[in-house]
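Subject: Structure for you to look at

Hi,

Here is the structure I promised to send over.

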Amino acid sequence: MKEFARRMVGIDRRIIFLLIAGAVLLPLVKPFGLPIKVSPEVKAVYDYIEALPERSVFLLSFDFDPSSKPELEPQAVALLRHAFRKNLRVMGMTHWLTGTGLADGVFSKVATEMGKERGKDYVFLGWSPGGGSLIISMGQDLYKAFPSDYSKTPTQGMPVLEGVRNLRDVDYMVSLAAGSSGIEMWYVFGKDKYRFEMAGGSTGVIAPGLYPFLRSGQINGLIGGLQGAAEYETLITQKGTATAGMDAQSAAHFVIIGLVLLCNVFYFMLRGEKGRPS
Amino acid sequence: MNVVAFLCLLFFSGVAVAATPSLAPPEGFRVLDTPNDSGRSLSLVWKASPSDSKNRSIQVWLAESPGAAFKKVAEFPSNTRYVKGGDFPWWAQPAGKGAHYVKLSSSQAFPIEDGKTYAVKLLVREGEQEAWSELAEGRPAPNFFNTAQVNNLMFVLAFTGVLLASIAAARRNPHIRLRRIAGLDAVEEAIGRSTEMGRPILYLTGAGDMSEVPTIAATVILGEVAKKVAHYDTSLKVPHRDPIVMAVCQEIVKEAYVEAGRPDAYREDSNFFITSDQFSYTAAVDGIMLREKPAANFFMGSYFAESLLLTETGASTGAIQIAGTDSDHQLPFFVTTCDYTLIGEELYAASAYLSREPVLVGTLRGQDFGKAFIMSVLVLGTALATVGVVVGTENFNYVLDLFKDFK
Amino acid sequence: MPALTTATILGAWVAAGLTLFIYSFLYKDNPLFKLGEHLYVGISVGYSVVLVWHTVFLRLLWEPLRKSVSEAPALLESYILIIPAILGILMLVRFIPRIAWLSRIAFAFVVGFGSGVAIPRTVSALILKQIEDTVNPLITMGANGLSMGLDLASPQSGVNTIILLIGVVSVLFYFFFSVEHTGPGMVTARTGVYFVMIAFGAAFGYTVMSRMSLLIGRFSDLIKFSGAEYGYATLILLAVTVLTLIGWEALVRQNRQGV
Amino acid sequence: MIFLKRQLPLIITFVMGVAFTLQYYIPHPVSEEAITNVSKWMQIISGFALFLGLASLFHVHAVKIKRQVPGWGYSFALYAAMLGMIVVGFWSHGETRIDGAQTGFGWLYDYTMVPLQGTMFSILAFFIASAAYRAFRARSREASVLLASAVIVMMGRVPLGQFLIPWTWDVTQWLLNVLNSAVRRAILIGVSMGAVALSLKIILGIERSYLGGGRDQ
């Protein structure tokens, strides 16, 4: 028995790699389509946007780069579709230099799909350095922080920005964050002083750390990881890549849970043995 | 003729008003400069009335002087715009709780300028009936201090004082009592076991450079480990991914051997550089673990995604693993794969504990005072708030407001 | 579906190839992976250089400066952006050893400003606001008198308020270093540790979720690129990668025997 | 000279730090004007600072190529990729799309940078799986609690788990909103106090490592 356990523990890890690749591949090729349950923290974001009057100003900050594209791009697409459907004026930007091209791509794609016009219905401001200083700068005077947008059009006098002087005139903002220069930074340097309502969308890695902000109302909603994106897609009843990925996600989680259980079974079988550290 | 008609009109309208319940104008209406702001804004305050309802609306009319033309700038149902608990601290209230409060800001439709006196009237309407309030005047001005945030400033000042005092105290006596840290006790055990088994000790200082606090802490702990290693005559291996950290660590290890009275046992190549690339470094360190099977692995400093690859391999070779990091995203992996983990601030505490450097010890002590204070505020505050509900008093807000965030 | 352009098909081949190069690390550290890793660093640096140039030097500095100077050349205020430009240049003199100390002035500005703006905002958002939300009455006054909410599902209920309070205080106590963990301190610290472990468990679960999502994202692309319209890019490149690895392995073995 | 090298930077830090700490409490337009301008300057200076990091990377690999250390070929590939990206980038005026059409710069970004960066981190999925099998052991009571909570969250956050064991969803929600919030809040308060202490020490000149060259005291 112990011999078996020892041999099983020692198997080549590349076999496990194959197992996980299979668990992800199969459902992607042949999805089984389980229903997706919506959590209150995602619903809160949806409800807030749903209640905004037309032409309200919505700021979406892409605070991520290609390394978290699979999680945050679907969130961005779903939020943009919703905002454009509600005829909001959308401002986009990013704090993450290497994510600029990605953000611009998502913006152009969704805007074209929804028949929206750059400069009139939306503007992509691009990247600018500074982090917290950039947010303060936008809170004081948007046109000093971004004299021109990503495609080098001067921001002053743009129809989409009519009546917008600084962050105080933003009706709702969502930061899609993959790290600390995201939601937390937007609160500390932005909402704390300029009092706009905001929510967050994040990768799974940082989502648990944002719950204290959710509880205290510092953010009014939170979209966490691929599951959060799938929930949002369910709410706007337009399925996208997140919903498509959830079956693979389920399968992969169950494989991991199975592996953890096996690991511990073998561990307890071998524990009494001499010479092995506990 | 005209006079008669006028009198008749007066008489009949008087009758009309008397016949239906009259609409009372807002009471206690005042206009003030909005407190704690950058100017160009006025605040309106009036008493709440029991007859406020959503069918009764209030209009705000503004003029540049009492004689000038009035202009409607806002309209809302009369049962809205109250001062709610938590809007203002008790020391900076423009109006009492439950009163009406409206802030008028300068807009394109009606610019408000600092230093000019404006006249404001309120109009109450319900159905066909109307009633004007008294006229009130106010002059906007920018303020030099936001009194609502005075508690924030007090906190900053008090914390500065505590911090400076603790650092000064630590300079006088760096051996203030600090609690035992479990992970540190394990260090001795790990080194002892390596000696017994005749296998090397592997020590990693993490991904950071010398400007990062966790890296500094990691080098401090390395010094302590090296002293014990020198004492036991075990071999130490420290692979690096930053040349500057390597240079610093060479000095530290050398000094530790000298201090332990074993300068002869010091080997220059115990610190060595691998590469700065994250995954290539990881692959190389994994190779060392598999080939040389160190009996103890130390992971101190800041880590990213490579942590799991390192600790998993280490666990499979059966080494005792001790980790210490403040990279919270990697901590769950360290806890499950290592035997002991110094969590977050424990790493800093460990370095202060070992080095006894006054600034480190003093800062740790200062933060401890801060934490003790916050812990008592949380417990006592909850107790007061609960008693307040039970007794039905709001007097405790005089204390509780001090620890809230106001704008 | 519109026909794919040559650029897109070529792009699919390049993307699939580079993805597979990186995945070859799963077999072991090898030249294809190293190539991919270095290309990644090089490309990101190149991208950053181009963007910093266009955003910082042209958009934020040069164009506003040119505009203000051409509009009001006599006004001193028009030239104000020269100050940050000088400070920025000072920062870069760090590379010239003889005058490297000048960069300290620029760092002093940035770090001083950064520390200054951070202090009150951190106290407000991350300390006071957090205390404010933790201090809540455990009992509420409802229509039928005093009651304590026992609903675990409602985050604001009385029972959850007290659990939250116990959690925050015990974890703070665990990271408190002036008192030995004995007696009642021991109980509090142990409670804190268990709270920490539950939260780390949640973080662990979420991190697993995150990493799997990334894998799903990359695999969807690989599946897309393996279609006929992309010329079976993934499948062909997979074969090429495997063959290269076999060849490399043979070469390494031969070298080792030669030595 | 010593004054310029040592004291002046400390004085500047002190003045900037105190001024912009107090600025927060002062709503007056003069103070607002100051932060409007200075935050804009900081934006520009931090742009220059980015070049610092880029330049040092440039230097490290240049040295490797010059000395032809083992593996210098990879450094060469890095250089080639970087120069290629820069040339194409300037050729495309730094734009990834012009009137909706992809530029050469955009092509390189979409088909090299995006897949490379995305894949680097997705490898970890495999290593998590392997570690789950070989190293995630309930070696102590603490680790057991951690693993139990992890398994519940992994179940509760995917449709299959919600479907098979519905209570995992509710437990996960409670765990995240209450237990997890409590811990994160305590850690947040602790870390923030550390950050405030560090900022104070920098302003007061106790902590000087940011000036380069140790904490000279």
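Predicted model: local features only at pLDDT ≥ 70, side-chain atom pairs only at ≥ 80, totals over all residues.

Chain A overall

Chain A contains 11 helices and 6 strands. Its C-alpha trace spans about 75 × 40 × 35 Å along the principal axes. Of the 278 residues in chain A, 65% are buried. The accessible surface of chain A is about 9,300 Å². Carbon and sulfur atoms account for 58% of that surface.

Contacts in chain A reach along the sequence. Take those between residues at least 6 apart: 75% of them join residues at least 24 apart.

Chain A carries 30 positive and 26 negative charges.

Strands in chain B

Look at strand β6 of chain B, residues 118-126. Which strands pair with β6(B)? Here they are, one by one.

- β3(B), residues 57-63, pairs with β6(B) in the antiparallel sense over 7 bridges. Here B:Ser57 stands opposite B:Arg125.
- β8(B), residues 136-138, is also antiparallel to β6(B), with 3 bridges. B:Ala119 has B:Glu137 in β8(B) as its bridge partner.
- β7(B), residues 129-132, runs antiparallel to β6(B) and is joined to it by 4 bridges. B:Glu126 sits opposite B:Gln129 in this pair.

β6(B) and β7(B) form a hairpin, with 2 residues between them. In the turn, B:Gly127 has a positive phi of about 60°.

Best wishes

Definitions and conventions
Residues numbered from 1 in each chain as written. Chains lettered and ligands numbered in written order. Heavy atoms only, no water. Buried < 20%, exposed > 50% of the residue type's maximum accessible area, 1.4 Å probe, protein only. Contact = heavy atoms within 4.5 Å. Areas by Shrake-Rupley, 256 points an atom, 1.4 Å probe, with all protein chains shown as cover. Lys, Arg positive; Asp, Glu negative; His and termini not counted. Charge placed at Lys NZ, Arg CZ, Asp CG, Glu CD. Pairing = 2+ DSSP bridges.
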